[in-house]
Amino acid sequence: MEDWLNNVLFGWYPYVALTVFLVGSLLRFDHSQYTWRTGSSQLLRRRQMMWGSNLMHVGILAIFGGHLVGLLTPVVVFDTLGISHSFKQLLAMSVGGIAGVACWIGIALLAHRRLFDARIRNTSTFADIAILLVLWVQLTLGLSTIFISANHLDGHEMLKFMTWAQGILILNPGVAVVVSDVSPIFKLHLFLGMTIFLLFPFTRLVHVWSAPIWYLGRKGYQIVRTTRPVAGRPKVISIAPQAVFTPLHTPVTHPLPLPGNE
């Protein structure tokens with residue numbers, strides 16, 4: 001029974017979550033573009049917004065990038081670069097821990113605003129609050145794994161997760177057996193992470209697809225209003241229309257008769 005449940009959760013469930021993640025995002029963009037937004041509450045209350053949002057976004061980008069590179073990069077690449085499993089383990093614990101704490105604090109601030117400010121709570125949907133709490137719990141589990149990883153500094157446990165993630169990517173559901181004996185904290189962390197992908201199309205997280213990352217490579221410019229001629233462009237001369245006076249009465253065009261000339 002335990003082996004069957006492990007195969008379902010870590011062998012087949014990842015494909016269900018990824019399918020809903022991709023297809024659901026496409027369908028929502030196609031049918032509900034008016035809901036494709038962040039739903040920011042900054043206009044209602046700016047307090048805590050900037051700190052919470054910045055900490056959350058910076059932290060979650062660092063965590064996602066670290067997981068993406070750390071789990072999906074083939075082991076042979078690290079071996080070729082001379083990066084040992086123990087060093088990679090320590091790097092993940094330190095950098096991931098700092099980013100995780102920053103993101104944890106940021107989400108806690110944002111969740112506090114939505115739960116304890118009456119105006120923001122009334123304008124928030126169930127999905128808005130639920131996804132924040134799910135992310136907060138996921139970060140708590142992720143930070144908890146640091147203490148467990150401290151007992152496996154040889155990187156052997158991390159190698160299991162790399163093998164599992166890359167096996168799922170190449171459509172090998174049988175790779176679930178690799179994580180069958182890991183700590184329950186790790187299993188909860190993996191399961192909730194896949195569940196976030198499952199919930200992604202039904203929450204405000206879809207705005208990640210529309211993140212304006214191309215701004216990073218855009219040349220800076222400034223719009224300036226000036227009357228000076230611009231090089232390479234013809235000079236535009238504007239002529240103001242002349243004012244036209246229309247009399248209220250028709251003017252007299254002949255002189256009035258003088259006395260004695262009648």
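**Close-up views of the predicted chain**

**Figure 1. T203 is in contact with R28, A127 and I131, neighbours within four places in sequence being left aside.** Contact denotes heavy atoms within 4.5 Å. T203 is found in the segment that follows α8. With a relative accessibility of 7%, this residue counts as buried; the classes are buried (under 20% relative accessible area), exposed (over 50%) and partly exposed (in between), with a 1.4 Å probe and protein chains only. The model is predicted, so local features need pLDDT of at least 70 and side-chain atom pairs count only at pLDDT 80 or more, while totals for chains, interfaces and linings use all residues. Residues are numbered from 1 along each chain as its sequence is written, and side-chain values use heavy atoms, with hydrogens and water left out.

**Figure 2. The secondary structure of the chain comprises eight helices and zero strands.** From the N terminus on, the elements run α-α-α-α-α-α-α-α; helices (H or I, at least four residues) and strands (E, at least two) are DSSP runs, numbered from the N terminus. Of the 262 residues in the chain, 32% are buried. Among contacts between residues at least 6 apart in sequence, 81% join residues at least 24 apart. The chain exposes about 18,700 Å², and carbon and sulfur atoms supply 70% of that area, as computed by the Shrake-Rupley method with a 1.4 Å probe, only the protein chains shown counting as cover for residues. The average pLDDT (the predictor's confidence in each residue, from 0 to 100) is 83 for the chain, and 76% of the residues score at least 70.

**Figure 3. The largest nonpolar core contains 19 residues.** A nonpolar core is a set of buried Ala, Val, Leu, Ile, Met, Phe, Trp, Tyr and Cys residues joined through side-chain atoms within 4.5 Å. Those with the most contacts inside this core are C103, I107, L135 and L205. Helices α2, α4 (85-116), α6 (126-149) and α8 each contribute at least two residues to the core, and the largest share, six residues, comes from α6. I107 is in contact with M56, L132, L135, W136 and L139, its neighbours within four places in sequence being left aside. Another core, of 16 residues, lies apart from this one and has A17, V182, F186 and L190 among its members.

**Figure 4. D128 and R204 meet through their side chains in a salt bridge.** In general, side chains of opposite charge can pair when their charged atoms come close. A salt bridge is a side-chain nitrogen of Lys or Arg within 4 Å of a carboxyl oxygen of Asp or Glu; three are found in the whole structure. The N to O distance between R204 and D128 is 3.1 Å. Because D128 lies in helix α6 and R204 in the segment after α8, the pair ties together parts that are 76 residues apart in sequence. Both D128 and R204 are buried. V206 also lies in the segment after α8, and at 0% relative accessibility V206 counts as buried. The C-alpha atoms of V206 and L26 are separated by 9.9 Å, although the two residues are 180 apart along the chain.

**Figure 5. E157, K160 and D181 are linked in a network of salt bridges.** K160 and E157 meet at 3.3 Å, N to O. These two residues are separated by about one helical turn because they lie three residues apart in helix α7 (residues 156-169). Both K160 and E157 are buried. The salt bridge between D181 and K160 has its closest N and O atoms 3.2 Å apart. This second pair links distant parts of the chain, with D181 in the loop between α7 and α8 and K160 in helix α7, 21 residues apart. D181 is exposed, with a relative accessible area of 53%, whereas the value for K160, a buried residue, is 13%.

**Figure 6. L18, F64, L68, V69, L72, L169, I170 and F197 make a nonpolar surface patch of about 750 Å².** Patches are made of residues with over 30% relative accessible area and no salt bridge, like charges being joined within 9 Å and nonpolar side chains (Val, Leu, Ile, Met, Phe, Trp, Tyr) within 5 Å. Helix α2 (residues 49-72) supplies the largest share of the nonpolar patch, four residues. F197 lies in helix α8 (residues 184-199) and, at 32% relative accessibility, counts as partly exposed.
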